[in-house]
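This report describes selected features of one protein structure. Please keep the sequence and the model in view while reading.

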Amino acid sequence: MFSNRFDWLAPDNALGRLIAQKRAAGDVLLDLTQSNPTRVGLQYESDTILAALASPAAITYLPDPHGIIPARRAVAEYYRPHGAPLDPERLFLTASTSDAYALLFKLLADAGDEVLIPSPGYPLLSYLTRFEALRPIAYPLRYDDADGWTIDMDVLEALITPRTRAVVLVNPNNPTGSYVKHHELSILDAICRRHDLALIVDEVFADYAAADAPATRVATALDATESLCFVLNGFSKLVALPQVKLGWILLSGQAAAVHAAGQRLETLLDFYLSISTPVQHAAQTLLSSRQGIQQQINLRIAANEQFLQRQIAKTRHCRLLRREGGWYAVVDFTDTLGDEERILDLLAHTNTVVHPGYFYDFHREGFVVISLLPREEVFCKGVRHLLSAGG
């Protein structure tokens, strides 16, 4: 009766079960996985946000597969610092970046086709791919102390088969925080043209570059490729409002391919019309006021990361991997604890929650992923617990 896209009855993992038990017992957790910006004590301009969402214009329904023009103009204005004025006709508004992925997978691939996704990477990508009856194929990111994270282009190209339809690039990547560099994007563009593949570039964390992010990073893939490219972004991270559902797809590449993709995408979106009217009327106000909340987030990230660096410098059993952007940190442990033992013991004895690297398909045990967003008092206490375990 039900599809086989997903193991619907898969049991909860051990970490999830223990978290549920702790919460049921009334324990207060030090959650170093908290990545919801609305739950970490940031100060929002609530009156401005709510007034924008209550615009009287939202009472009139104006269905448009692209999204209403004032909202698209507001998004186009966001890209103005990156180059020439952006034609709003190249923009398609969606309910979220997850919504955008689903639409693009429908646009580009048939059941059983393949999409290349980064590893380590955010687990949502493999689920979204499978939900469209496609096969996610992981291409590796490699790390070394000199260059940080880089894409293994030889392996990526070797993974391409006649059923490969697209390459997904997350820039900066989640959770590694690594930006694609200009020379890497050039190589990837050539690979996509050689194999007639589309490039999907997820830029939701692009505005959160680290202070020492390399100058060679690609700030946006907009108009940076000859291959057909779909640039994704949205309000979840950009204005730190994941509950205000607005994302978008921006078409880039050679004119003929952009035109053909745009026609088909317009047809798809005309069937779904998933974006709500109130958020479209609020788009200009929310985008124009993003600097305040982004500044708070960047200050929080910097303070927590500096504390983490200082604490790790006192240890001999772990190192902090380089972060170029985003709001996650990756700690690499060299002790003998296994991932499951580390995270479960940490939670059981100190009420501290972290994510093991295997949640993100790291290539071996020893990696822990933590968010840099929690309140500083929570973060500092949890980090001390984390670093004392196994040391």
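**Helix H2 against helix H10**

Thr-48, Ile-49, Ala-52 and Leu-53 of helix H2 are in contact with Pro-278, Val-279, Ala-282, Thr-285 and Leu-286 of helix H10, where contact means heavy atoms within 4.5 Å. By class, this contact holds 7 nonpolar, 2 polar and no charged residues. Here Ala, Val, Leu, Ile, Met, Phe, Trp, Tyr, Cys and Pro count as nonpolar, Asp, Glu, Lys and Arg as charged, and the others, Gly among them, as polar.

H2 spans residues 46–53 and H10 residues 277–288; they pack at an angle of about 140°, with axes 7 Å apart. Axes are lines fitted to C-alpha atoms, for helices over the stretch in contact, and angles run from 0 to 180 degrees between N-to-C directions. H2 is therefore oblique to H10, since angles under 35 degrees count as roughly parallel, over 145 as roughly antiparallel, 65 to 115 as roughly perpendicular and the rest as oblique. Helices (H or I, at least four residues) and strands (E, at least two) are DSSP runs, numbered from the N terminus.

**Basis of the model**

The model is predicted: local features need pLDDT of at least 70, side-chain atom pairs count only at pLDDT 80 or more, and totals for chains, interfaces and linings use all residues. Residues are numbered from 1 along each chain as its sequence is written, and side-chain values use heavy atoms, with hydrogens and water left out.

**Helix H1 against helix H12**

H1 and helix H12 (residues 339–350) pack at an angle of about 0°, with their axes 10 Å apart. The two helices are therefore roughly parallel to each other. Ala-14, Leu-15, Leu-18, Ile-19 and Lys-22 of H1 meet Glu-340, Ile-343, Leu-344, Leu-347 and Ala-348 of H12. This contact of H1 with H12 comprises 8 nonpolar, no polar and 2 charged residues.

**Salt bridges**

Side chains of opposite charge can pair when their charged atoms come close. With a salt bridge defined as a side-chain nitrogen of Lys or Arg within 4 Å of a carboxyl oxygen of Asp or Glu, the count comes to 20. One of them joins Glu-324 and Lys-181 at 3.1 Å, N to O. Glu-324 lies in the loop between strands E10 (318–320) and E11 (328–333), and Lys-181 in the loop between strand E6 (164–170) and helix H7 (182–195), so the pair ties together parts 143 residues apart in sequence.

**Backbone features**

A cis peptide bond, with omega about 0°, joins Asn-171 and Pro-172. Another cis peptide bond links Asn-174 and Pro-175, with omega about 15°.
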